[in-house]
Amino acid sequence: MGLDDKINNAAEEAGGKLKEKTGETTGDGNLQAEGRSEQAEANLKQSGEKIKDAAKGAADSLKGH
């Protein structure tokens, strides 16, 4: 996973957490839901990047043998 991707995903997750908490504080259920959605999307992207990294690592280790 590239450093830029990690930073962007972490920022998206943090923004989602902030929206969720703001929604909780203000009683805005839509904002809460939007925040949870953004967090889930960021986590999904992080998982996809980890899978790509693992596949690349496996391919690289096969090349070494």
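## Basis of the model

The structure is a predicted model, in which local features need pLDDT of at least 70 and side-chain atom pairs count only at pLDDT 80 or more, while totals for chains, interfaces and linings use all residues. Residues are numbered from 1 along each chain as its sequence is written, and side-chain values use heavy atoms, with hydrogens and water left out.

## Overall form

The chain contains 2 helices and 0 strands; helices (H or I, at least four residues) and strands (E, at least two) are DSSP runs, numbered from the N terminus. The radius of gyration is 16 Å, well over the 11 Å that the globule rule gives for 65 residues, so the chain is more spread out than a compact globule. This radius is taken over C-alpha atoms, and the globule rule is 2.2 Å times the number of residues to the power 0.38. Along the principal axes, the C-alpha atoms fill a box of roughly 60 × 15 × 10 Å.

Of the 65 residues, 20% count as buried, where buried means under 20% relative accessible area, exposed over 50%, and partly exposed in between (1.4 Å probe, protein chains only). Among contacts (heavy atoms within 4.5 Å) with a separation of 6 or more, 46% come from residues 24 or more positions apart.

## Helix α2

Helix α2 covers residues 29–63. Its 35 residues should span 51 Å at 1.5 Å a residue, and its end C-alpha atoms are 51 Å apart, which agrees. The expected span is 1.5 Å times one less than the number of residues. At the start of α2, a side-chain oxygen of Asp28 comes to within 3.1 Å of the backbone nitrogen of Asn30.

The buried residues of α2 are Gln32, Gly35, Glu38, Gln39, Ala42, Gln46 and Glu49. Part of their cover is provided by α1 (3–26). An α-helix has 3.6 residues a turn, so residues three or four places apart point the same way.

## Glu38 and Gly15

Glu38 belongs to α2. Leaving aside residues up to four places away in sequence, Glu38 touches Glu12, Gly15, Gly16 and Lys19. The side chains of Glu38 and Lys19 are joined by a polar contact of 2.7 Å. A polar contact is a pair of N or O atoms within 3.5 Å; within protein, one must be able to donate a hydrogen and the other to accept it, and residues adjacent in sequence count only if both atoms are side-chain atoms.

Gly15 lies in helix α1 and, at 26% relative accessibility, counts as partly exposed. The C-alpha atoms of Gly15 and Gly35 are 7.3 Å apart, although these residues are 20 residues apart along the chain.
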